[in-house]
Amino acid sequence: MESDEAAAVSPQATTPSGGTGASGPKKRGRKPKSKDDSQTPSSQQQSGGKMKESGKKTQQTPSVDEKYSQWKGLVPILYDWLANHNLVWPSLSCRWGPQLEQATYKNRQRLYLSEQTDGSVPNTLVIANCEVVKPRVAAAEHISQFNEEARSPFVKKYKTIIHPGEVNRIRELPQNSKIVATHTDSPDVLIWDVETQPNRHAVLGAANSRPDLILTGHQDNAEFALAMCPTEPFVLSGGKDKSVVLWSIQDHITTVGTDSKSSGSIIKQTGEGSDKNESPTVGPRGVYHGHEDTVEDVAFSPTSAQEFCSVGDDSCLILWDARTGTNPVTKVEKAHDADLHCVDWNPHDDNLILTGSADNTVRLFDRRKLTANGVGSPIYKFEGHKAAVLCVQWSPDKSSVFGSSAEDGLLNIWDYDRVSKKSDRAAKSPAGLFFQHAGHRDKVVDFHWNASDPWTIVSVSDDCETTGGGGTLQIWRMSDLIYRPEEEVVAELEKFKSHVLTCASKP
């Protein structure tokens, strides 16, 4: 158990040891398009992500380090809590797992990460224990002494699974978040029971851990598009074969709906693996064709296991309904002006769908307003990123709030309800944008809202372009004065007005 002072501990100023970071020729963050694979590292640096500004622009705009310094100076004002954790190897995905313990000042919770290595040691799926400091508990000195070189005492590795290939995407099963699915550079989806998997030591030559279940059905690599259904134990995937594949793992898990210690084991189906060292396999429930290029992301409807959507490099947003067959229900053929990288379906309103694209924008679609001839107009375009958007996700707490992260190193928090409430003081910022997390200095490849602590976010950046290797994990919560109703905030601050004025008058 913790002491009263535990929440005020500042990260220790120790640096990661071992390895120089992943600087090999493998892809970093978002996949490079196959037609660009022949680019030299120098040309990739000139044309990719946030490094693509021209010489003129670079002179006119602050450098990454300058922007970071500006942000760092504002940390005590902007954040209620922030923990920084340097990673020896980049993690391309981050997800919250189940909450383990609630205490007075901190909660303990699982965190799922990965290590994308250069081949000198195996790629791994990492299960960590994270101490999440409760709102308005972190001492001011903890925030002000934030150290970007630190490995945070709030994040401790709990278990390592040696993954067969790099981990591109991690998704937890809502019915039992100790069961996760992973995507790697193969056609298969791998299912893991992270509690029953043995802890492994990741050394060169170590054998891969054995998945509890393998989902088959893709005809080519499926690397990024992966989703778990909120209402049933269904898994959805998309890949380079231009298809969307749906599985049910209902028959392969003993219990769903709880996260108790007795539940969540994968049942090893007899007869499905001829060798005891083979993982059982599950074939698809349905394969859906409609995309003309790689499927980059998929999402389930929040209310139906039979309805889902997908986006891809063909610039299309497609809605599907398993009850009506394997053809698209609605196909928006030009949802964006470039490849689509990500999609998320609003858990509070099943008519609203977010998409993010290489055209640097996030677009909001209302599925009731998607036209039948394939041309759908978004109900709003959010323009605040300066590079490709890699991840979008709705807040679990408020139906109009969502986040977006991009190759420009920023994680933006938006509120659609604020779009129509433009004020003079906010005229310089894009409509709807009310918070910008600028703590990462390279592309933010993934982030995840914490459903157990709704305004707490974990985010990861792949820092290979700026530092030559490694990554950064940050867990943070903005000050509640930023997102609470204005009248509430003003009333609270009014109580401290005389104190603030007294402090301001002192020399």
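Predicted model: local features only at pLDDT ≥ 70, side-chain atom pairs only at ≥ 80, totals over all residues.
A search of the whole structure finds 25 salt bridges, a salt bridge being a side-chain nitrogen of Lys or Arg within 4 Å of a carboxyl oxygen of Asp or Glu. Residues are numbered from 1 along each chain as its sequence is written, and side-chain values use heavy atoms, with hydrogens and water left out.

Let me begin with Asp80 and Arg477, whose side chains meet in a salt bridge at 2.6 Å, N to O. Asp80 lies in strand E1 (residues 79–87) and Arg477 in strand E29 (residues 471–478), so the pair ties together parts that are 397 residues apart in sequence; strands here are DSSP runs of at least two residues, and helices, H or I, of at least four, both numbered from the N terminus. Asp80 counts as buried at 14% relative accessibility, and Arg477 is buried too, at 2%, where buried means under 20% relative accessible area, exposed over 50% and partly exposed in between, with a 1.4 Å probe and protein chains only.

The next pair is Glu492 and Arg136, joined at 2.8 Å, N to O. Glu492 sits in helix H7 (residues 486–495) and Arg136 in the loop between strand E4 (124–133) and helix H4 (140–144), 356 residues apart. Glu492 is buried at 17%, whereas Arg136 is partly exposed at 46%.

Finally, Arg323 forms a salt bridge with Asp321, the closest N and O atoms being 2.9 Å apart; Arg323 counts as exposed at 55%, Asp321 as buried at 11%.
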